[in-house]
Amino acid sequence: MMEIKLENESLELTINSFGAELKSITGKETGTQYLWDADEKYWKRSAPVLFPFVGSLKDKKFTVDGTDYPMGQHGFARDMEFELVSQTKDEAWFLLKSNDETLAKYPFEFVLEIGYKLSGSEIKVTWRVTNPAKKDLLFSIGGHPAFMCPVAEQGKQSDYYLKLDTDKEITYGLICDGGLLDKDDNLLKVDVDGYCQIDEHMFDKDALIIENRQASKVSLCTPDKKPYLTVSFDAPLFGLWSPAGMGAPFICIEPWYGRCDRAGFAGELKDREYGNSLAQGEQFEKSYTIAIEL
């Protein structure tokens with residue numbers, strides 16, 4: 001396990017090789033910390049990569065060709081050591097390959113590469129998944145970065161705003177027992193400029209699951225509605241989360257290519273909604289961007 005530092009004139013990043021997890025985003029001029037520090041009082045992670053599953057599975061297992069495999073929430077990559085394969089002052093790439101340990105619990109060969117690149121006040125996070133085997137690779141992948149809100153200990157969270165690139169009401173799903181998707185027709189009111197004030201009870205029922213590409217850009221805004229951090233993505237769905245009922249000083253904005261099972265799901269892995277499939281030699285590459293308003 002080692003920590004990698006990237007920096008440019010605007011930002012300094014710290015990335016841990018364990019999970020290839022982003023651990024800090026610091027504004028160099030102000031010293032402002034934008035990423036949650038993984039204090040276990042609220043949550044022990046900062047920005048885990050979710051692979052090869054996003055969310056929880058029905059009965060904590062998945063089925064391939066009639067065989068059941070136990071699996072915890074969000075898969076296993078976040079708890080594995082990655083290899084650092086390249087590093088410059090402002091870019092680093094990490095690698096995880098399937099091995100005997102992963103094949104015993106997830107019967108697919110894979111190559112997972114995760115890249116971080118600094119450009120001005122933006123961080124580009126790239127996921128690259130390759131299938132080296134003859135058998136089709138079935139997987140999900142997602143981000144789970146936790147951003148400080150309030151930022152720089154200024155004000156209280158319920159005075160802050162989300163800003164989305166839409167002026168329409170957002171429909172979202174909620175998590176029920178077992179971490180599964182339940183009722184998915186809840187409404188989040190957004191004003192004509194895309195703002196939604198953060199309510200202290202917004203996450204009382206766990207994450208908000210927002211499907212069907214209803215937004216592709218989400219900002220965290222100070223009480224005067226000024227964005228200080230924006231996450232941009234092309235993912236088909238995303239999550240918003242903070243630990244339920246804890247008043248935690250962070251909010252996660254999570255681009256996802258996959259999600260938890262529905263409460264009534266009864267199919268095999270190939271039948272899961274938002275799943276991804278790669279034939280031999282095929283590659284899946286997606287990215288999202290974190291922009292800091294310094």
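1. Tyr-106 and Phe-108 are both buried. This is a predicted model, and the two residues form an aromatic pair.

2. The charged end of Lys-135 sits over the Phe-108 ring, 4.5 Å from its centre. A second case of this kind involves Tyr-161: Lys-225 lies over its face, at 5.1 Å from the ring centre.

3. How many aromatic pairs does a search of the whole structure find? The search finds 23. Another is Tyr-257 with Phe-284, an edge-to-face pair. Here the centres lie 5.5 Å apart, with 85° between the planes.

4. Where do Tyr-257 and Phe-284 lie? Tyr-257 is in strand E23, residues 250-257. Phe-284 is in strand E25, residues 283-292. The pair therefore ties together parts that are 27 residues apart in sequence. Both Tyr-257 and Phe-284 are buried.

5. Now look at Ile-209, in strand E19 (residues 208-210). Is Ile-209 buried or exposed? Its relative accessibility is 1%, so Ile-209 counts as buried.

6. Which residues touch Ile-209, leaving aside neighbours within four places in sequence? Its contacts include Thr-171, Tyr-172, Gly-173, Ile-175 and Leu-181. Leu-237, Phe-238, Trp-256, Arg-259 and Cys-260 are also in contact with Ile-209.

Key
Residues are numbered from 1 along each chain as its sequence is written. This is a predicted model: local features need pLDDT of at least 70, side-chain atom pairs count only at pLDDT 80 or more; totals for chains, interfaces and linings use all residues. Side-chain values use heavy atoms; hydrogens and water are left out. Rings of Phe, Tyr and Trp (its six-membered ring) pair if their centres lie within 6.5 Å; planes under 30 degrees apart count as stacked, over 60 as edge-to-face and the rest as tilted. Buried means under 20% relative accessible area, exposed over 50%, partly exposed in between (1.4 Å probe, protein chains only). Helices (H or I, at least four residues) and strands (E, at least two) are DSSP runs, numbered from the N terminus. A charge sits over a ring if NZ of Lys or CZ of Arg is within 6 Å of the ring centre and within 35 degrees of the ring normal. Contact means heavy atoms within 4.5 Å.
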